[in-house]
Amino acid sequence: RDWSVTGVQTCALPICSLYGYAVNVRGEREITSMSDLVQKRIVGGYVEWAINMREVKGGTLRCNLQLLPAALRRHPSHASLDVGWFKPLFDSLPTEEESELRKRKAAKYLEYSVVESIPAKIHAGRPAAERKGVVHVARLAMDELLIKWLVTLPWRQRNIRECRIGGPTPNLFKGVIPAFSDFDKPEWVIHEERENPTAEFWQFRFSADETKTGREVGALLPRQLIGNLEEYLKHFRPHLLEGADPWTLFVNQAGRPMTLDQMTRGVARLTLRYGGRRVTPHPFRDIIAFTWLKEHPQDYLTLSKMLWHNNIKTTIGTYGSRYNESSGVTAMETWLDGRQAGSK
């Protein structure tokens, strides 16, 4: 099984699932390489089994498997492997009606007002945690900061997990804003710079190879996060470390960087406990996006910058589905009401 040397971590989960199906369901016993595993009969059988037996949606299968042929083409050991049959297979996957997809997504969400209230609920548990020791309080402080981060900055999970606060190239740091920075500044920052030209501010920056869209991003940290962040870094994070500091903002129970599964399960646990429903990190982006558009109708440009999208068309295509003919009628009514009030 040489899948571990493909160098593409994002393919590990679908490859493991595919291998498990081949061995445990099909009874294949001679799979010793990627060439043995990635066969049309095996992948096609896996897709059929996943849809019929596990009720996996076609869109989910496409999302899980679509990186596999691209990864194989890039790896020198598998570049000659025929993967041309993947496209017809993907094209044959059943698609969901848009209305059904929206209903299914809605079942995974919580209202923004609900997730927004979770950090305060976590904070309220500190007195009880103090009786168990400082480590328990530190973990609560980290959980509180994590959820507050998710409801303030709709970053992708990878950037939250890998965000570095130290080392040679930290992503999150406090310093003077460069004179020729293109950062947009809130009023309180402008005022403080006037009073003290050497004032330092919390900033974040990710290089192009650290973002999914391949673009460098950076900004000042929102004021709403600063108090929790500084408290966590000064008083709590040191109690969560064991051995060498990995320099990631958030750490797991062993004091190491969180894995994707650890953060997914951790956030789901917190939302279930304090919000009544399991919500994983990625839907927080949608929760923020739909709430933003509800309160700032059609402001897709700002939203696209929040989400680090390369193109505003991506934002409109993803989140414009919430707007339909009824939205147009409602907007017309509001406009006419305003004209009538103005004439009076």
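## Exercises on helices, loops and burial

Arg223 lies in helix H13. Helices here are DSSP runs of H or I with at least four residues, strands are runs of E with at least two, and both are numbered from the N terminus. The model is predicted, so local features need pLDDT of at least 70 and side-chain atom pairs count only at pLDDT 80 or more, while totals for chains, interfaces and linings use all residues. Residues are numbered from 1 along each chain as its sequence is written, and side-chain values use heavy atoms, with hydrogens and water left out.

### Exercise 1: Arg223

Task: Decide whether Arg223 is buried or exposed.

Solution: 
- Set the cut-offs. Buried means under 20% relative accessible area, exposed means over 50%, and partly exposed lies in between (1.4 Å probe, protein chains only).
- Read the value. Arg223 has a relative accessible area of 52%, so this residue is exposed.
- Arg223 and Trp188 are 35 residues apart along the chain, and their C-alpha atoms are separated by 9.2 Å.

### Exercise 2: the chain as a whole

Task: State how many helices and strands the chain has, and what share of its residues count as buried.

Solution: 
- Count the elements. The chain has 18 helices and three strands.
- Take the burial share. Of 344 residues, 38% count as buried.
- Get the extent. Along the principal axes, the C-alpha atoms fill a box of roughly 70 × 65 × 45 Å.
- Look at the contacts, where contact means heavy atoms within 4.5 Å. Take those between residues at least 6 apart in sequence: 60% of them join residues at least 24 apart.

### Exercise 3: H10 against H13

Task: Work out how H10 and H13 are oriented and which residues make their contact.

Solution: 
- Axes are lines fitted to C-alpha atoms, for helices over the stretch in contact, and angles run from 0 to 180 degrees between N-to-C directions.
- Take the values. The axes of H10 (residues 134–152) and H13 (residues 223–236) come within 10 Å and cross at roughly 155°.
- Classify. H10 is therefore roughly antiparallel to H13. The cut-offs are under 35 degrees for roughly parallel, over 145 for roughly antiparallel, 65 to 115 for roughly perpendicular, and oblique for the rest.
- Name the hand. H10 passes H13 in a left-handed crossing. Left-handed means the near helix is turned anticlockwise from the far one by less than a right angle; clockwise is right-handed.
- List the partners. H10 gives Val137, Ala138, Ala141, Met142, Glu144, Leu145, Lys148, Trp149 and Thr152, and H13 gives Gln224, Leu225, Asn228, Leu229, Tyr232 and Phe236.
- Sort them. The contact has 10 nonpolar, three polar and two charged residues. Ala, Val, Leu, Ile, Met, Phe, Trp, Tyr, Cys and Pro count as nonpolar, Asp, Glu, Lys and Arg as charged, and the others, Gly among them, as polar.

### Exercise 4: Asp143

Task: Find which residues Asp143 is in contact with, leaving aside neighbours within four places in sequence.

Solution: 
- Asp143 is in H10.
- Check burial. Asp143 counts as buried because its relative accessibility is 10%.
- Name the contacts. Beyond four places in sequence, Asp143 meets Ile122, Arg269 and Leu270.

### Exercise 5: two tryptophans with positive phi

Task: Give the phi of Trp247 and of Trp308, then say where each residue sits.

Solution: 
- Start with Trp247. Its phi is near 70°, positive in a residue other than glycine. Trp247 sits in the loop between H13 and H14 (260–275). At a relative accessible area of 40%, Trp247 is partly exposed.
- Move to Trp308. Its phi is about 60°, positive although Trp308 is not a glycine. Trp308 belongs to the loop between H16 (300–306) and H17 (312–319). Trp308 has 7% relative accessibility, so this residue counts as buried.

### Exercise 6: cysteines

Task: State how many disulfides the structure has.

Solution: 
- Apply the test. A disulfide is a pair of cysteine sulfur atoms within 2.5 Å.
- Search. The whole structure gives zero disulfides.
- Cys16 is partly exposed at 37% relative accessibility, and Cys63 is exposed at 52% relative accessible area.
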